[in-house]
Amino acid sequence: MALDLDTLGLSATVTASGISAPDYQTILSKVTEYFQQIYGSDAYLDPDSKDGQMVALVALAINDANNTAIQVYNSFSPSTGMADALTRNVKINGISRKSATNSTVDVTLTGTAGTTINNGSVKDANGIIWNLPASVTIDTGGSVIATATCATSGAVAAVSGSVNQINTPTRGWTSVTNASAATVGTAVEKDSDLRIRQGQSVALPSLTPFDAVDGALANIDGVTRHKLYENDTDVVDSNGISRHSISAIVDGGDATVIAQTIRGKKGQGVGTYGTTTVTVPDKYGNPHPINFYRSTDVPIYIALSLKVFTGYTTQIGEQIKQAIADYINSLLIGDDVLLSRVYSPANLGVVSGGNAKYYDISSLQIGKSAGAVAPANVDIAFNESASCSTTNIALTVTS
C-alpha cells in the first residue's frame, strides 16, 4: 500500500493556540509503524539492529527540525525570544540591549565660575582614574555636578568622599569630591531584564507622563536600576516629597542626561524632588534645576546558625552565603529586607531535594550592622537600596 505523506502528522504545526509538535517518542513510534508497513510487520527494529538505528536517526532528524521551527517561531516574540533574537526584537521599540558598563560616580567640581574643564579626569583614594565628560563648565555658584566614568572596567567601588583628587589640573578648578558612593559597573544586560525594559519602553509615548518618565529613565545608557515616585496631593507625603512633584531615584547613568530626560518627559508645572540637582536649559535657553536621588546603599548584615548533618561541607556554607547575598542584591530600590523571604535562598533547593537536606536553620537574624542583627525585618527608605556581601554573613555551625 502506498504511503500518504500528507497525513504523517509529524511536523510542527501552528494553530490559534501557538506552535506545537509531537515529542520524539511519538515520532519514533510513527516512523517505526510506517517502516513495518513497507518492509513487513516482522521487521526487526530494536535499538541493537541496524534498521532500528536508522529509524531512530530519521525520527531524531524530524524531532530536531521541529524544535528548530519552534525556536524560530518563538524568537519573533520579545516574551519568548532569547539572546540575539531578543536583541533584534527590541529594536522595534527603539531600544537596544545594554552592554557591560564601567562604574560611574557623581562628583562635585568646585572652582571659579565659568571655568571650562576639557577632557578632565579625577582620582580616588586608591589612585584609580575617573574620566569626566568631554567638557564641563563650572556654574555661576562656583560648583557643578558631573558624572565621572571609571577608566577601569568592572565593578569598581568608590565610597562617599573618596574621589577627591584632581588628575588633570586646570586653571580655575580647585577641588573635587563625591557626596555619594559610586554605582558599580554591570555585566551585559540579561534577557529577563531586557524583557522588563521592553515592556516599559512601550510607555514612552503614553498619555501618562509618569509612565513616560519611568520608561525614559529605564532606557538611559548606563542606568542599572531606578524607581519613580509621584506626590499628586496638596501636602508633603510620607516620604517627604513636595506636593505636586515627582521623585526619581536612579543608579548609574550620566547625571546631566538623567536631568534632561526628566525635564523633557515630566508634565508641565510638575516639580522634582531629590538631593542631586542639575540645571538644564529649555529650548529657549532658560535654566531649570532638576532634582533627583542617587540611591543610598544600605549594607545588610546576617547572623545565621545551622545544625548540620552528615554530608555537610564548608562549600555548602559558601553556597548558602552566596544565595542570600544574590537575593538581597536583587531587591529593588526601596524594597524592605523581609526576614521570612531570606529563609528561601538560605534553604538551598529544599523543595527539589538539594543541599538543604544536609542542615537545618536554627537561627536567622538580619540588621544594618553586625552588632545590631535581630529576627526582624529591616526597613529600607524609599531612596535607599539594600546590598549584601558574603563577608557580611556570619555563619555558625553546630552538629
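1. The buried residues of helix H7 (residues 314–329) pack against strand S17 (301–308), helix H8 (339–346), S18, S19 and strand S20 (393–398), where contact means heavy atoms within 4.5 Å. Those buried residues are Ile316, Gly317, Ile320, Lys321, Ile324, Ala325 and Ile328; buried means under 20% relative accessible area, exposed over 50%, and partly exposed in between, with a 1.4 Å probe and protein chains only. Helices (H or I, at least four residues) and strands (E, at least two) are DSSP runs numbered from the N terminus.

2. This is a predicted model, in which local features need pLDDT of at least 70 and side-chain atom pairs count only at pLDDT 80 or more, while totals for chains, interfaces and linings use all residues. Residues are numbered from 1 along each chain as its sequence is written, and side-chain values use heavy atoms, with hydrogens and water left out.

3. The length of H7 agrees with expectation, because its 16 residues should span 22 Å at 1.5 Å a residue and its end C-alpha atoms are 23 Å apart; the expected span is 1.5 Å times one less than the number of residues.

4. Five aromatic pairs are found in a search of the whole structure; rings of Phe, Tyr and Trp (its six-membered ring) pair if their centres lie within 6.5 Å, and planes under 30 degrees apart count as stacked, over 60 as edge-to-face and the rest as tilted. The pair of Tyr229 and Phe382 is edge-to-face, because the ring centres are 5.3 Å apart and the planes stand at 90°. Tyr229 lies in strand S11 (residues 223–231) and Phe382 in the loop between strand S18 (359–367) and strand S19 (384–387), so this pair ties together parts that are 153 residues apart in sequence. Both Tyr229 and Phe382 are buried.

5. Tyr273 and Tyr293 also form an edge-to-face pair, at 6.0 Å centre to centre with 65° between the planes. Tyr273 is partly exposed, with a relative accessible area of 24%, whereas Tyr293 is buried at 8%. Tyr229, Tyr273, Tyr293 and Phe382 form one aromatic cluster.

6. Which residues other than glycine have a positive phi near 50°? Ala83 is one of them; Ala83 is found in helix H3 (residues 83–89) and is partly exposed, with a relative accessible area of 45%. Asn119 also has phi near 50°, is found in the loop between strand S4 (116–118) and strand S5 (121–124), and counts as exposed at 61% relative accessibility.

7. The largest pocket holds about 1,600 Å³ of space. A pocket is, on a 1 Å grid over the protein atoms alone, an open set of points where a 1.4 Å probe fits, with protein on both sides within 12 Å along at least five of seven lines, and lining residues have an atom within 4 Å of a point. Of its 45 lining residues, Thr186, Thr224, Arg225, Asp251 and Asn329 lie nearest the centre of the largest pocket, and S11 gives the most to that lining, with five residues.

How values were computed:
Grid points are joined across faces, edges and corners, and a volume is the space filled by probe spheres set on the points.
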